[in-house]
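Here are my notes on this one, as promised. Have the model open while you read.

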Amino acid sequence: MTMEFINYEVKERVGYITLARPEKRNALNYEVVSELKRAFAMAEDDEACKVIVLRAEGKVFCAGADLEYIQRLQENDYHENLLDSTHLMELFRLIYTLKKVVIAQIHGHAIAGGCGLAAICDFGFTVPEAKFGYTEVKIGFIPAIVKVFLLRKIGESRAKQLLLTGDLIGADEAEKYGLVNYVVPAQELEERVFAFAQKLCAENSKQSMEVTKEMIARVQGMSLEEGLQYASEMNAVARGSEDCQRGIAAFLNKEQIKW
């Protein structure tokens, strides 16, 4: 499948989705969002891919929305703008609910929608030089869609600090906030991400990671009793799964299982 702004390849069960619009700092417009949706759907269905890495070309990971595109959208009416914003929402929801683990490989600044794109991933690796933030309020816009996911990820206090000030923070502070998981030297970034992805591929059941990720997304919208009932049911289902039977048998037999 040919795409103009996104590249997709698989290396040893790791699917790489690469933003390839460096001349525009990998800014998001309708076409880029469309191709990202296609790429993630492709990776989801690709049996050769077990873990996904989102990365980018150029100096910037993603500068957020393409402001020239946003300016053109101001000519639209409400319903046209709603269709367009729903398009972006669908991308974020797709990544968040994707069965496969998604790792963000952040080699440069991730700003506004670009920071949202990085934060929506399950894991984030960044270089020390990268800056993060949601600058929408500084241009009279709002960080609407991302806040739904950001509140889940880092909580209300941290989210307010980022979303209401619009200030940029460094990589170390982003790690403290929980926006990213690891800060590594630039020359080690690609190798560290690949090694982490390979660890997930080799040591963890695909089925177990899929179900666990789905449960994390679903249980947060449930009451305590609903969540516990749901967890008990999923626990019972997991006990009868082929992967669980294989894993427990290997553990009891002191065998190294290769997933």
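1. Buried area here means the accessible area (1.4 Å probe) that two parts lose on being put together, summed over both. Between domain 1 and domain 2 that comes to about 870 Å², with carbon and sulfur atoms giving 56%. On the domain 1 side, Lys50, Lys99 and Arg152 lose the most area to domain 2, together 51% of what that side buries.

2. Some housekeeping: this is a predicted model, so local features need pLDDT of at least 70 and side-chain atom pairs count only at pLDDT 80 or more, while totals for chains, interfaces and linings use all residues. Residues are numbered from 1 along each chain as its sequence is written, and side-chain values use heavy atoms, leaving out hydrogens and water.

3. Where do the domains run? Domain 1 covers 6-201 and domain 2 covers 205-253, with bounds from an automatic or database domain assignment. Their C-alpha centres lie 27 Å apart. In contact terms (heavy atoms within 4.5 Å), 11 residues of domain 1 touch 8 residues of domain 2.

4. Now the salt bridges (a side-chain nitrogen of Lys or Arg within 4 Å of a carboxyl oxygen of Asp or Glu). The whole structure has 11 of them, and 1 crosses the interface of domain 1 and domain 2. Lysine 213 pairs with aspartate 122, the closest N and O atoms being 2.8 Å apart.

5. Have a look at arginine 21 and aspartate 66 too, whose side chains form a salt bridge at 3.1 Å, N to O. Arginine 21 sits in the loop between β2 (14-19) and α1 (30-45), and aspartate 66 in the loop between β3 (51-56) and α2 (67-73), so the pair ties together parts 45 residues apart in sequence. Helices (H or I, at least four residues) and strands (E, at least two) are DSSP runs, numbered from the N terminus.

6. How do α3 and α5 cross? The axes of α3 (residues 78-97) and α5 come within 9 Å and cross at roughly 25°, which makes α3 roughly parallel to α5. Axes are lines fitted to C-alpha atoms, for helices over the stretch in contact, and angles run from 0 to 180 degrees between N-to-C directions. Angles under 35 degrees count as roughly parallel, over 145 as roughly antiparallel, 65 to 115 as roughly perpendicular and the rest as oblique. Among the α3 residues meeting α5 are Leu88, Phe92 and Tyr96.

7. Helix α5 (residues 144-154) also meets α6 (residues 156-165), with axes within 7 Å and crossing at roughly 135°. That makes α5 oblique to α6.
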